[in-house]
Amino acid sequence: MQPYIHTVQYYETDKMGITHHSNYIRWMEEARVDFLRQIGWSYDMLEKNGIFSPVTAIDCRYASSTTFADEITIRIAVKEFRGVRLVLSYTMTKSDGTTACTGCSEHCFLHADGSFIRMKKEYPEFYRILSEMAASEPAS
């Protein structure tokens, strides 16, 4: 799994020249979209299959600030998956190895009508990939 790289844009900074805190959540989404593409289940493919995955919770812990043109490496991992709820963890580091931010996002899987998807039965390959990734992560 390749990490996602984001370069801080000028418009993402505030008057003090520091990245505005809201952008880290956006970067988590960018990394999540890239993660799904890398495992063969892009957002486009999910939606074409009638799978919707809303965010049900988000957590973001800031460790050190970032500024314009910083290159941020975002590593994503499946922290938990049991078929209904998916929890992803994110670690964002600057090019010098300093942790800028850590976080988690929680998601569920729904049909277009809002009913829950039984991932194991309806999408066994997607279920298998996420389950294996969750099992390979050390317990936190």
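The model is predicted, so local features need pLDDT of at least 70 and side-chain atom pairs count only at pLDDT 80 or more, while totals for chains, interfaces and linings use all residues. Residues are numbered from 1 along each chain as its sequence is written, and side-chain values use heavy atoms, with hydrogens and water left out.

**Exercise 1. Find out how far helix 4 reaches and which of its residues are buried.**

Step 1: Locate helix 4. Helices here are DSSP runs (H or I, at least four residues), strands are E runs of at least two, and both are numbered from the N terminus. Helix 4 spans residues 124-136, which makes 13 residues.

Step 2: Check its reach. From first C-alpha to last, helix 4 covers 18 Å, close to the 18 Å expected; that expected span is 1.5 Å times one less than the number of residues.

Step 3: Pick out the buried residues (under 20% relative accessible area; exposed is over 50%, partly exposed in between, with a 1.4 Å probe and protein chains only). In helix 4 they are F126, Y127, I129, L130 and A134. They sit on the same side of helix 4 because they cover an arc of only 165° around the axis, taken from the directions from the helix axis to the C-beta atoms.

**Exercise 2. What do the buried residues of helix 4 pack against?**

Using contacts (heavy atoms within 4.5 Å), go through the partners. The helices are helix 1 (22-38), helix 2 (43-48) and helix 3 (119-122). The strands are strand 3 (71-81) and strand 4 (85-94).

**Exercise 3. How many cavities of 30 Å³ or more are there, and what lines the largest cavity?**

Step 1: Set the rule. On a 1 Å grid over the protein atoms alone, a cavity is a set of points where a 1.4 Å probe fits but cannot get out, and lining residues have an atom within 4 Å of a point. The count is two cavities of 30 Å³ or more.

Step 2: Look at the largest cavity, about 60 Å³ in volume. Its lining includes R32, Y43, H107 and F126. Helix 1 supplies the largest share, three residues.

Step 3: Move to the second largest cavity, with about 40 Å³ of space. Among its lining residues are M1, D34 and I74. Helix 1 gives the most here too, with four residues.

Definitions and conventions:
On a 1 Å grid over the protein atoms alone, a cavity is a set of points where a 1.4 Å probe fits but cannot get out, and a pocket is an open set with protein on both sides within 12 Å along at least five of seven lines; lining residues have an atom within 4 Å of a point. Grid points are joined across faces, edges and corners, and a volume is the space filled by probe spheres set on the points.
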